[in-house]
Amino acid sequence: MSKEKKGVRLDHISKIYQDPKTGKDFYAVKDTSLTIEPGSFVTLLGPSGCGKTTTLRMIAGYESPDEGEIYLGEEAINALTPNKRDTAMVFQSYALLPHYNVFDNVAYGLKLRKVPKEEIQKRVMKILDLVELTGMEGRMTNQLSGGQQQRVALARALVIEPSVLLFDEPLSNLDAKLRVSMRTEIRRIQQEVGITAIYVTHDQSEAMALSDNIIIMNKGVVAQMGSPQDIYYHPNSEFVADFIGEANFLKGTLEKMDGSHAILNVEGHPTRVPAKAGMTPGAEYTVVLRPESALLKDEGGLPCEVVLSCFMGSYQNYHVKVGNSLVKLTDYNPKNKRIYQVGEKCSLVFDPESVHIL
Amino acid sequence: MAKSQSAALDRKKLMADPVMVGTIVVLITFLTLFILYPLAILLVDSFYGGEGFTLATFQRILAMPTFIRSIGNTLKVGFLVGILSTIVGLLFAYVEVYVKLWKIVGGLFKVVSMLPVVSPPFVLSLSMIMLFGKAGIITRQWLKIYDNSVYGFWGIVIVQTLTFFPVCYMMLKGLLKNIDPSLEEAARDMGASRWKVFATVTFPLLLPGLGNAFLVTFIESIADFANPMIIGGSYDTLATTIYLQITGAYDKEGAAAMAVVLLCITLGMFIVQKYYLEAKTAATLTGKASRGRMLIADRSVTVPLTILCSLATIFVIMMYACVPIGALFPTWGYKFTPLTFKWFGQVFTRYHGLQAFRDSFVLSLIAAPITALLSMIISYLVVKRKFKAKGFIEAVSMLAMAVPGTVLGVGYIRGYSGGLFHSANWSIFADAVVENGKVIQEAGALHGLFPNGLLGGVYGSAAILIIVFIVRSLPTGTRSGISALRQIDKSIEESAYDMGADSFKVFMTVTLPLIKDSFLSGLVTAFVRSITAISAIILLVTPSVYLITVQINEFAEKGAYSIACAFATILILITYGSVLLMNLFIKYFGTSRKLKPEKVKKAKTKRINIQVIKEG
């Protein structure tokens, strides 16, 4: 597309809502500042009620921020109505116009822009080809499957060549298999077109698969922003660590520093982990341990006792007790491995480089 | 926390949409001028006596024994009609939803729910007099009772019950269908008898709905003008007393004060019904039933219930059938053969029939599309948009539902006969005063422009009748528009907006096509309601305009029943024809056909439910 790519910048944005039950005001989004680079795919991820959809709707223009300013490229767009903003949205419920067929749905935005007829024909067919719906243009939207309807919604948003594409949980109405194939599809199309995309979801695997950058939101504020790897391996809080993937939290007090590593006392046993800046001896720290990054061995690590051992096919699921804390483990490819039974005493072993200190 | 920025931004966004702003301003002006202002002027007039606040007018009317008696009469009639209509309506609704029926009985039920819609509000009074009155076919010819009087309390009660019970029937049918059958099956399963299930499960669940139905009919009965007028005899209700106070006693201040009393009663009930009972009904009966109900096929239940309902149905149908038949007898009550069309002929040759039908038809035809469009716009704004004045627009258009036609009529007389705020009396509008050829006082600066004061020209013209038609049908149209729009996913309109359409484009290309069926039925409902309206109209109509309903009322009062029947028959044919036309139109061009190709069969048998609530 010939158009110049534009980024989105949120400058200290807040949105206040009124609790319908108590009548009290609360922050749905609080003092949020973000920069979304032109051409990047960014996901707003968080539990329901975290403010991600509100943020998206403020960018689209359906909601007005109570504080702060939103920029599209260099332009402040707070006072613009949705129809004047250079954004296009793909809705959770598809929101296709039920009285139009596929072609007319896609052509709707172009007709409003008074694009000449021949060009509409050309552009619509090109986009339908991109979303692989060629031949379906005469169908009514209720004759399409959910996945096809979502493609129409995507085509409709793409055809007007907006600067930014907005997605509001677009895959949550599809079944699990279709969701996986559609998200690959969305990523492919976004890369092909090279458009800036902001995607709201509560599904972490969707966020991982799609994004250049993930923004994790919690209670109206941004908890962490970074690449998927960054967020998975270096979460900055228990909330983020727990929300993305599964996480075990081990608490330990710092005994001493050892170069770039720290020796923590975890449940009475010295444990070597990568250090972070500004640690003080005697203080308590939390270590994040992913279930797949530790193993059970007969000896050589933290002593533990198995409380659950369950065969899941591709992996063996363990719950073990290290002192008073419960640790969940997944041991992949368990065939021909030593399986520990409930009640057995053994040892929890992990590579110091695979854990992260909060 | 300050929400000032978002409020300012929302305002800015709204202002960027001139069509929307214009529409809102026009709507607010219309609602204020034609609903709020006439009601406000009633209050002002009844409390303002020349030089300030006074209760003298109220003291005067409260000292009238006729007025006090009419309040009692109105409440007594309303209460009994409310109860009877609810019971009969419940019986019909229960039988239709719970009992296995013969096809033909189900068809009869449909006819009964349809008849009050397409007929003028007072035909039942006519047939009551013709069948059971002093010269009634049944009482005099058949039972040989020569002094039976149908006039008065019982006459009104019977006629109003027959007129209003279909409203209850339709309301309760909807509620019963929403009761999850598994609740009752669970009770049966635990050993309750059928009667016990009804008494301990169905009835309690339905109770708020019954209260709702009762109050709706109560309000209808109180506001009804035509039936008490024709069959009330000397038994006056509030609506007829107000009418007589204006047309008989020329006491406009007194009538205004009486109208305030009537308005307070209906408004109070309306508020209870709307904000208390409707919420409660919605709370106990949520959502749709999970699956179909096992219909009662037990003969000991079905046979008596079916016979009871069929008898009631046949009685109602007989009452309505009496109207066209009555128009064919040479002399009602004395000479029944040979059947003749002379009355129909006289309608057109002697009694300005053609003019009456033309005027009624044209005025309703003008009012209907305006009403339908206005109510759709109001529903769109109320359901889909947010802006400051939304609460005002919604409240005022719903308020109109609680205003009896008579009250509105008196309000219009007081509000517009002397111009806006009696502006004809203001010096700038006043005519010059000339005495002995000498100008004592110059004409007001604006006299030439507005000889009757601001908007004074509206009074007595056909325009005011059209406005009354619109205001009287607006609430029902708005209500059905709102419920139709609530079923449309908000994001469909948002997506169109997002694609670059402005509010006007969104409304025209998305909203309106999606609620086409509802719009059409609103159009026909408005037309039917307008052409059969009487209560407010009768106070405002001038000799230059002939309206069918006013003609019928006149002839019925004179005792010229045959000619009244002839008028009514043609009117029913017109209204029924327009409903049929609408159903045909929806069948072939409606949205339901295009959107649900797999359900075409269903759409064919589907009839649009017209709002059955009528004005009297």
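In chain B of this predicted model, helix α6(B) passes α25(B) in a left-handed crossing. The two helices span residues 123-132 and residues 561-589 of chain B, respectively. Their axes come within 11 Å and cross at roughly 145°. On the α6(B) side, the contact is formed by B:Val123, B:Leu126, B:Ile129 and B:Met130. These residues meet B:Tyr561, B:Ala564, B:Cys565 and B:Ala568 of α25(B). The residues of this helix contact comprise eight nonpolar, no polar and no charged.

The secondary structure of chain B as a whole comprises 27 helices and two strands. Of the 616 residues in chain B, 46% are buried. Contacts within chain B were also considered by sequence separation. Among those between residues at least 6 apart in sequence, 79% join residues at least 24 apart.

Chain B also touches chain A, in a contact that takes 27 residues from chain A and 30 residues from chain B. On the side of chain A that touches chain B, at least two residues are supplied by each of β6 (87-90) and α2 (102-112) of chain A. The largest share of this side, three residues, comes from α2(A). By residue class, the side of chain A that touches chain B divides into 15 nonpolar, eight polar and four charged residues.

Methods
Residues are numbered from 1 along each chain as its sequence is written. Chains are lettered from A and ligands numbered from 1 in the order in which they are written. This is a predicted model: local features need pLDDT of at least 70, side-chain atom pairs count only at pLDDT 80 or more; totals for chains, interfaces and linings use all residues. Two residues are in contact if their C-beta atoms, placed from the backbone, lie within 7 Å. Helices (H or I, at least four residues) and strands (E, at least two) are DSSP runs, numbered from the N terminus. Ala, Val, Leu, Ile, Met, Phe, Trp, Tyr, Cys and Pro count as nonpolar, Asp, Glu, Lys and Arg as charged, and the others, Gly among them, as polar. Axes are lines fitted to C-alpha atoms, for helices over the stretch in contact, and angles run from 0 to 180 degrees between N-to-C directions. A crossing is left-handed if the near helix is turned anticlockwise from the far one by less than a right angle, and right-handed if clockwise. A residue is buried if 20 or more other C-beta atoms lie within 10 Å of its own, exposed if 12 or fewer, and partly exposed in between; C-beta atoms are placed from the backbone.
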